[in-house]
Each structure stands twice: as C-alpha cells, then as structure tokens.
Amino acid sequence: MSHSIRAMLAIFAGLVALVLAPRDASAYPWMIRHDYTACAQCHADPSGGSLLTPYGRAQSEILLRTYYGEGDPTERDPGTLGDFMFGAFKLPEPLLVQSDVRNLLLHVSPGGAPSDTRFVQMQADVVAQLTTGPLRQNVSVGYVHRGAPTTWLAGGDEEHHLVSRHHWLGLAFGKDDELLLRAGRMNLPFGLRSLEHTSWVRSLTGTDINAAQQHGVALAYGGEKLRAEVMAIAGNFQVSPDTFRERGYSAYAELAPSPKIAVGVSSLVTHAGTGLRTGKPLFRQAHGAFVRFVPTRKLVLSGEVDVLGASAPRERIQVGLVSMLSADLEPLQGVHFTTMLEASTTSFRDASASFGIWGGAAWFFLPHADVRVDLVYRDEDVGASRATSSALLTQLHIFL
C-alpha cells in the first residue's frame with residue numbers, strides 16, 4: 001500500500017473514531033456550543049451562512065462578541081446594537097437587509113520563490129430578503145475587484161465587476177415552515193459550511209460559499225434533530241458558454257441525536273461538457289461524511305472526509321480523498337484560537353498526498369465586527385515534484 005493511501009486511511013480512521021466516541025459531546029463550530037444544532041433559526045438560508053434573521057442578529061450580539069461589562073453576557077438584553085445599521089432605523093418586519101465588507105491582507109511565501117504581499121477586497125455585498133406569507137424572495141448584489149469570476153453579472157473592464165452570489169425565490173410550508181422549496185442561484189448543500197473557501201474540502205469538492213454557487217431547485221428540511229437539503233443543479237448561468245455549466249445533484253443530511261453532537265453525510269454528482277480546469281468533458285463526484293463535536297463548552301471539534309471521483313470519456317476514473325480536522329478554542333467570549341489539519345490526493349493511482357496545517361486567532365471585538373489572523377502551511381504534490389508554501393492572512397469583517 002502506498003504512503004499516500006496509508007496516510008489518507010489513517011485520517012479517515014481518526015474521523016470515524018471521532019464520530020463514534022462514546023462520551024458526552026457537542027459539535028457545531030460556533031453555535032452548537034450553545035446547544036444550537038440547526039441553522040434556519042438564525043439564517044435566511046436553511047443550511048446556514050450569509051443573511052441573518054432578527055433572532056440570529058440577537059444571538060450574535062449576546063453569544064458571539066466580547067462583552068466588556070459585568071455579569072453573564074448570555075443573560076443581558078441585546079437591545080438594538082445587533083439590528084441593521086445598529087438600530088438607527090427599524091426595518092419593516094417582512095424585510096431583512098444585511099451588508100458585508102470583508103478585506104484581506106495576504107502575504108505568501110512560496111518555497112524557493114519571491115514572497116508576495118497584497119491587499120484583497122474579498123467581499124462587498126448587500127443581501128436582502130422579503131417575506132410575503134409563505135413566499136421568500138432573496139437576492140444579493142455586490143462589487144468585486146478582479147476575483148470570483150463565476151459570480152460576475154457585469155463589468156466595465158477586467159478589474160471591476162458587479163456580482164451576485166445568490167438570488168432565489170422560496171416557498172415555505174409544513175406545520176412550522178420546516179420545509180423550504182427554492183429555485184434560483186444558491187449555495188450547494190454539501191458538507192460543513194465554512195468561510196475557509198480555500199480549504200481543500202471546499203475547493204476540491206467545489207462547494208465553497210464564496211463563488212461556487214449554482215442555479216437549480218432545492219428542497220430543505222429543518223427539524224428539531226434532523227436537517228437535510230437536496231438540490232437539482234441546472235448549472236451556473238453566470239458562466240458561459242453553456243458547455244462549462246455543471247448539471248447534476250448535491251445533497252446532505254445531518255442528524256443531531258443530542259444538542260451535543262451532530263453527524264452527517266453528503267453526496268454530489270455533476271457533469272459538464274467542458275470542465276473549467278480540464279478543458280474536456282467531465283463527470284465529477286464527491287461523497288463523504290462530517291461531524292461537529294464539542295467535548296467541553298470552550299472547545300469545538302469538527303471533521304469532514306470526502307471521496308473524490310473525476311472521469312472523462314474513454315479515460316479511467318480518478319479516485320481521490322480529501323479530509324480535514326479542525327479545533328476552535330474560545331477561552332473568553334468572542335476570542336477564538338483555531339487550528340486545522342488537512343490532507344488530500346486527487347488520485348490514489350497518479351498522485352501522492354498533499355498536507356496542510358492552519359493556525360490562527362479571531363476576535364469578535366465589537367458589534368458587527370471581527371478580525372482574524374491565519375497562518376497556513378502546505379506541502380503539495382504538483383505532478384513530478386512537490387511544492388511548499390506558507391501564507392499569512394489578516395482579515396477584517398464588518399457587517400451592518
């Protein structure tokens with residue numbers, strides 16, 4: 001057995017052991033430490049991320065940021081600080097609005113090459129949702145300088161672009177609106193939803209929430225212990241010509257047998273007439289499992305492992321694996337220390353394993369504001385040789 005296969009199987013075994021660990025546990029990289037296992041209470045997207053509901057804004061003010069006063073912050077009244085524009089004016093009840101600005105200072109040191117330092121404007125979006133009875137109308141628009149071409153709507157030149165990461169119409173139904181049927185451009189339902197869009201579990205599966213959204217129809221369910229979503233992918237209509245558009249499905253289901261642990265499975269299969277990376281017809285697959293786990297209130301562990309498959313006509317299928325384990329330690333409310341181990345191989349037959357380690361800290365220091373610093377080191381297979389790199393990322397995020 002090759003070294004890469006042994007390494008990937010060892011990581012898979014570690015994840016299985018983590019899922020099956022017979023002890024009291026809790027598992028959501030932020031809110032499950034507060035006994036939240038679902039996403040729909042706090043987010044307009046039933047699988048989490050982006051636009052917050054009024055309840056989500058209140059919990060952000062109570063549970064996420066550092067509180068500088070006396071007493072238990074979880075017992076205080078959030079007031080209007082968490083509201084849109086700090087409560088400067090009250091929105092109509094059916095309307096949700098949120099603006100996000102995220103900027104990055106990046107310093108990269110490739111092994112054996114000159115280092116590079118640059119400022120990256122990552123996000124400048126406004127998101128809104130209007131609720132009319134069971135109908136949900138959701139749209140985001142924003143500006144991006146250069147990057148994220150799969151989100152572009154229009155641009156006057158090569159550098160400045162109007163973008164929309166998601167826009168959809170939804171119909172809520174069920175006894176407590178636990179079902180939501182949506183059509184439009186949406187995040188793919190797959191794995192752990194996280195901001196680290198360059199992590200291999202997100203980039204190699206093509207399921208990040210930065211620019212990997214697709215158009216299609218999705219049905220989501222959010223119950224007390226079970227949440228799930230399945231999406232029929234029609235392609236990304238913001239990419240042309242049509243041959244580059246993927247079609248297929250993506251789905252996940254997650255069970256929380258207690259407020260302290262949640263485990264799930266994911267599956268994705270797509271086909272494109274021409275793969276964006278390969279330049280030839282491409283069938284792409286990813287199937288895996290994930291876990292969210294909190295051994296103590298201050299520590300959150302999470303993990304994901306996915307089998308990858310890629311094939312073209314008259315070529316053998318390439319089978320690989322991608323995995324990650326992460327830890328989030330919150331010694332004081334709003335102050336987080338994080339680490340993540342990741343490993344991947346795009347083909348057990350033709351590629352060796354790549355490895356990465358992340359370490360960093362984040363501070364939610366004011367209402368609607370957080371700062372984050374990450375150091376990322378990677379040792380990657382690049383065909384006939386290997387390449388190492390290190391990167392220092394400093395991010396400032398502000399939302400209103």
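Mentor: Start with arginine 136: its relative accessibility is 15%, and buried means under 20% relative accessible area, exposed over 50%, partly exposed in between (1.4 Å probe, protein chains only), so arginine 136 counts as buried. The model is predicted, so local features need pLDDT of at least 70 and side-chain atom pairs pLDDT 80 or more, while totals for chains, interfaces and linings use all residues. Residues are numbered from 1 along each chain as its sequence is written, and side-chain values use heavy atoms, without hydrogens and water.

Trainee: Why is aspartate 177 called partly exposed?

Mentor: Its relative accessible area is 44%, which lies between the two cut-offs.

Trainee: What makes aspartate 177 and arginine 136 a salt bridge?

Mentor: A salt bridge is a side-chain nitrogen of Lys or Arg within 4 Å of a carboxyl oxygen of Asp or Glu. Here the N to O distance is 3.6 Å, so the pair meets the rule. Aspartate 177 is in the loop between β6 and β7 and arginine 136 in strand β3, 41 residues apart. Strands here are DSSP runs (E, at least two residues) and helices are runs of H or I (at least four), numbered from the N terminus.

Trainee: How many salt bridges does this rule give?

Mentor: The count comes to 19. One of them joins aspartate 45 and arginine 182, with the closest N and O atoms 3.7 Å apart. Aspartate 45 lies in the loop between α1 (3-20) and α2 (54-64) and arginine 182 in strand β7, so the pair ties together parts that are 137 residues apart in sequence.

Trainee: Are aspartate 45 and arginine 182 buried or exposed?

Mentor: Aspartate 45 has a relative accessible area of 9% and is buried; arginine 182, at 1%, is buried too. Both residues belong to a network of salt bridges that also includes Arg193 and Glu229.

Trainee: What makes arginine 292 and glutamate 254 a salt bridge?

Mentor: Their N to O distance is 2.5 Å, within the cut-off. Arginine 292 is in strand β12 and glutamate 254 in strand β10 (residues 247-258), 38 residues apart. Arginine 292 counts as buried at 1% relative accessibility, and glutamate 254 is buried at 2%.

Trainee: How do you know that β2 and β3 pair?

Mentor: Two strands pair if DSSP finds at least two bridges between them. β2 and strand β3 (residues 135-145) have 8 bridges, in the antiparallel sense. Valine 126 has valine 141 in β3 as its bridge partner.
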